[in-house]
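Colleague: Before we talk, could you put the model on the screen, so that we can go through it together?

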Amino acid sequence: MKILVINGPNLARLDIRDSSIYGDFTYPQLVKFIEDGATKCGFMADVRQSDEEAQIIGWLHEAADAKIPVIINPAAFTHYSYAIRDAADLVKSPLIEVHLSNPMAREEFRHTSVISGIATGTIGGFGPNSYILALEAMKSLVNK
Ligand code: DQA
């Protein structure tokens with residue numbers, strides 16, 4: 001089964017982001033880690049990244065039309081993009097929000113997620129393992 005994994009702005013630059021917050025995987029390493037984890041869970045992961053809101057909205061429309069489950073790390077868009085929230089709400093397959101860090105343990109502006117309210121669930125704070133936990137959760141959701 002196909003699964004769409006969407007990563008938002010600045011995640012492709014993990015190489016220069018604060019490794020004490022985001023860990024020491026580069027983005028290509030993260031993609032490989034997600035792809036391998038997906039295979040183990042029986043998924044074929046299509047892992048994409050964009051710094052642009054409109055592009056992410058288009059991908060969510062694509063997932064909604066094709067009825068594909070979604071794992072999304074909306075990055076900073078998490079905290080204020082109502083447009084991404086509305087697009088994510090169109091996805092009727094399970095949609096899991098993930099974060100590498102634990103936004104609730106960081107600056108106050110990160111304590112709000114406009115995505116969580118429409119997500120099936122949210123996983124954050126486990127570094128790259130957040131994606132693996134999301135894949136495992138997704139596996140049990142789609143096998144129900
Ligand atoms: C993030 C957390 C967000 O607050 C931040 O803007 C990101 C990454 C995470 O994965 O921990 O870019 O989504």
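**Helices and loops in the model**

Colleague: Which residues of helix H4 (residues 82-89) are buried?

Modeller: This is a predicted model, where local features need pLDDT of at least 70 and side-chain atom pairs count only at pLDDT 80 or more, while totals for chains, interfaces and linings use all residues. Residues are numbered from 1 along each chain as its sequence is written, and side-chain values use heavy atoms, with hydrogens and water left out. Helices (H or I, at least four residues) and strands (E, at least two) are DSSP runs, numbered from the N terminus, and buried means under 20% relative accessible area, exposed over 50% and partly exposed in between, with a 1.4 Å probe and protein chains only. By that rule, the buried residues of H4 are Ile84, Ala87 and Ala88.

Colleague: Within what arc do the buried residues of H4 fall, seen down its axis?

Modeller: The arc is that of the directions from the helix axis to the C-beta atoms. On the other side of H4, Tyr82 and Asp86 are exposed. The buried residues line one face of the helix, because they fall within an arc of 100°.

Colleague: Which elements are included in what covers the buried residues of H4?

Modeller: Contact here means heavy atoms within 4.5 Å. On that basis, the cover includes helix H3 (53-66), strand S3 (70-73) and strand S4 (95-99).

Colleague: At roughly what angle do the axes of helix H2 (residues 27-40) and helix H5 (residues 129-142) cross?

Modeller: Axes are lines fitted to C-alpha atoms, for helices over the stretch in contact, and angles run from 0 to 180 degrees between N-to-C directions. The axes of H2 and H5 come within 10 Å, and they cross at roughly 25°.

Colleague: Which residues of H5 does H2 meet?

Modeller: On the H2 side, the residues are Leu30, Phe33, Ile34, Gly37 and Ala38. Their partners in H5 are Asn129, Tyr131, Ile132 and Leu135.

Colleague: Where is lysine 67, and is it buried or exposed?

Modeller: Lysine 67 has a positive phi of about 55°, although it is not a glycine. Its place is in the loop between H3 and S3. At 66% relative accessibility, lysine 67 counts as exposed.

Colleague: What is the relative accessible area of asparagine 10?

Modeller: Asparagine 10 is found in the loop between strand S1 (2-7) and helix H1 (19-22), and asparagine 10 has a positive phi of about 75° although it is not a glycine. Asparagine 10 is partly exposed, with a relative accessible area of 41%.
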